[in-house]
Amino acid sequence: MSRYSATNPKGERFVYGFDVPLQEYFLQTTRDGEWLELVGCLSLVPGGNSNLLEALERHEVDVPEEHLRAIFLDLPF
């Protein structure tokens, strides 16, 4: 499993990555001290690469270019 942390311009912290056993991407954040699943198996949004890319863009998460490229190509990173 890969797991990375990033922020957006509002200073919100996000955790994202690829879960190898589940073969899916995930995106999480915290609100009011609780984890909120935005993409992946514990959310209502499936963990496909297009769903992760859309959520990263919507929340303006600052992700390294190499990670975006891997996600776009649907490669684990």
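**Close-up views of a predicted model**

Glu60 lies in the loop between H1 and H2. This is a predicted model, in which local features need pLDDT of at least 70, side-chain atom pairs count only at pLDDT 80 or more, and totals for chains, interfaces and linings use all residues. Residues are numbered from 1 along each chain as its sequence is written, and side-chain values use heavy atoms, with hydrogens and water left out.

**View 1. Glu60 follows helix H1.** Helices (H or I, at least four residues) and strands (E, at least two) are DSSP runs, numbered from the N terminus. Glu60 has a phi near 55°, which is a positive value in a residue other than glycine. With a relative accessible area of 49%, Glu60 is partly exposed; the classes are buried (under 20% relative accessible area), exposed (over 50%) and partly exposed (in between), with a 1.4 Å probe and protein chains only.

**View 2. Gln23 is placed in the loop between S2 and S3.** Its phi is positive, near 55°, and Gln23 is a residue other than glycine. Gln23 counts as exposed because its relative accessibility is 54%.

**View 3. Four strands make an open antiparallel sheet in the order S1-S2-S3-S4.** The edge strands, S1 (4-7) and S4 (34-39), each pair on one side only. Two strands pair if DSSP finds at least two bridges between them. From one strand to the next, the twist averages 30°; angles run from 0 to 180 degrees between N-to-C directions, and axes are lines fitted to C-alpha atoms, for helices over the stretch in contact.

**View 4. S1 and S2 form a hairpin with five residues between them.** Gly11, in the turn, has a positive phi of about 85°. Four bridges join the antiparallel strands S1 and S2, and Ala6 stands opposite Phe14 in S2.

**View 5. Strand S3 (residues 24-31) runs antiparallel to S4.** Five bridges join S3 to S4. Gln28 has Glu37 in S4 as its bridge partner.

**View 6. Helix H1 (residues 49-58) lies across S3 and S4.** H1 runs at about 30° to S3. Asn49, Leu52, Ala55 and Leu56 are the buried residues of H1. They cover an arc of only 130° around the axis, so they are on the same side of H1; the arc is that of the directions from the helix axis to the C-beta atoms. The face turned away from this buried side carries the exposed residues Glu57 and Arg58. The cover over the buried residues of H1 includes S3, S4 and H2.

**View 7. Helices H1 and H2 cross at roughly 145°.** Their axes come within 9 Å. In H1, Asn49, Leu52, Leu53 and Leu56 meet Leu68, Ile71 and Phe72 in H2. By class, this contact has six nonpolar, one polar and no charged residues.

**View 8. Leu27 and Leu56 touch the most other members of the largest nonpolar core, which has 16 residues.** Such a core is a set of buried Ala, Val, Leu, Ile, Met, Phe, Trp, Tyr and Cys residues joined through side-chain atoms within 4.5 Å. Strand S2 (13-19), S3, S4, H1 and helix H2 (65-72) each supply at least two residues of this core. Leaving aside neighbours within four places in sequence, Leu56 is in contact (heavy atoms within 4.5 Å) with Leu27, Val61, Val63, Leu68 and Ile71.

Terms used. Ala, Val, Leu, Ile, Met, Phe, Trp, Tyr, Cys and Pro count as nonpolar, Asp, Glu, Lys and Arg as charged, and the others, Gly among them, as polar.
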